[in-house]
Amino acid sequence: MRKYTYGPFQSRRLGLSLGVNVLADYKLCSYNCVYCEIGLTIKDNLVSPSYRINLPPSPNFRKELLSILRYVPHLNSITFGYNGEPTLNESLLDFLNIATNVRNNLNWTSEKPLITLFTNSSTLYIDKIREKVKQFELVLAKLDAANDADFKRTNRPHHNTPNIEIIIESLIKLKQEMPKKNKLAIQCLIFNSYKEDFTPNNNSTNIHDLAHALKMIQPNIIQIYSTARIPSEYFVYAIDEEKKREIAAIFKKIIDNDKIEINIY
Ligand code: SF4
């Protein structure tokens, strides 16, 4: 019986990826995104970004990783995320250290798999969290909105979450603090709405605000994508490929930096 890992599975953005869950077997998150593919964050599990849970890895984590990784020498990523926001676990670095140690002691077909972290970015204003996050080789940080109205509608953050300006500032700091060998990717999930009185984040103001925020953050990579599975709210649906290309063109023009990769999925 596996407790910590999922897959490996082929991921659109990461290649062959083994998922690692560092939280419990229920969702715990500081957001309740309208498009979340693991369902709504129920009231008791919607927590402040300053909330911490301490779930250290048991010895089974190492055993579980070893038992899977020795059979996938072509793996591309060991990916921390799933069941909510992984930085809420105080013991995140203990998991990272074990995964790095196991990865470094195995033989790989070509490149070693990257150790990757998904974060919703809500906790990054805390210096101690950025210290941990910057140690991951690839950080996939969420930024779906760049003004408070779109942020609140899209991500429905816990009421203690700082405003979007502070989150953007913390992403700028994270990029500056990250060692050059590690990479920051900003993920923008853009969606449409069937509900007339719900403005989706696919609106011109938000797309332009996002472009200006990304220009300030200067990430290594920008990923534009949309929903691919069933969203938690029935009225959310995916933008089409043409729209993704249009958004990428707006980002490219405003950011005006060819060193930043802009990818659509
Ligand atoms: S941050 Fe991720 S896990 Fe949390 S509600 Fe949003 S999509 Fe779901």
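Helices here are DSSP runs of H or I with at least four residues, strands are runs of E with at least two, and both are numbered from the N terminus.

**Entry: a residue to start with.** I looked up Ala 99 and found it in helix α2 (residues 92-104). Ala 99 is buried, with a relative accessible area of 0%; buried means under 20%, exposed over 50%, and partly exposed in between, with a 1.4 Å probe and protein chains only. I also checked Ala 99 against Thr 119, 20 residues apart along the chain, and their C-alpha atoms are separated by 18 Å.

**Entry: ground rules.** I am working with a predicted model, where local features need pLDDT of at least 70, side-chain atom pairs count only at pLDDT 80 or more, and totals for chains, interfaces and linings use all residues. Residues are numbered from 1 along each chain as its sequence is written, and side-chain values use heavy atoms, with hydrogens and water left out.

**Entry: aromatic pairs.** I paired rings of Phe, Tyr and Trp (its six-membered ring) if their centres lie within 6.5 Å, calling planes under 30 degrees apart stacked, over 60 edge-to-face and the rest tilted. By this rule I get 13 aromatic pairs. One of them is Tyr 31 with Phe 151, edge-to-face at 5.6 Å centre to centre and 75° between the planes. This pair links distant parts of the chain, 120 residues apart: Tyr 31 is in the loop between β2 (15-20) and α1 (59-69), and Phe 151 is in helix α4 (residues 148-155). Both Tyr 31 and Phe 151 are buried.

Next I took Tyr 194 and Tyr 237, a stacked pair with 4.1 Å centre to centre and 25° between the planes. Here Tyr 194 lies in the loop between β7 (191-193) and α6 (204-217), and Tyr 237 in strand β9 (residues 236-238), 43 residues apart. Tyr 194 is exposed at 57% relative accessible area, while Tyr 237 is partly exposed at 29%.

I also noted a cluster: ring pairs link Tyr 35, Phe 191, Phe 198, Tyr 234 and Phe 235.

**Entry: a charge over a ring.** Arg 13 lies over the face of Tyr 225, at 4.0 Å from the ring centre. The test asks for NZ of Lys or CZ of Arg within 6 Å of the ring centre and within 35 degrees of the ring normal.

**Entry: the ligand.** Which residues surround the ligand? I listed Lys 27, Cys 29, Tyr 31, Asn 32, Cys 33, Tyr 35, Cys 36, Thr 41, Gly 84, Asn 120 and Lys 142, taking a heavy atom within 4 Å as the cut-off.
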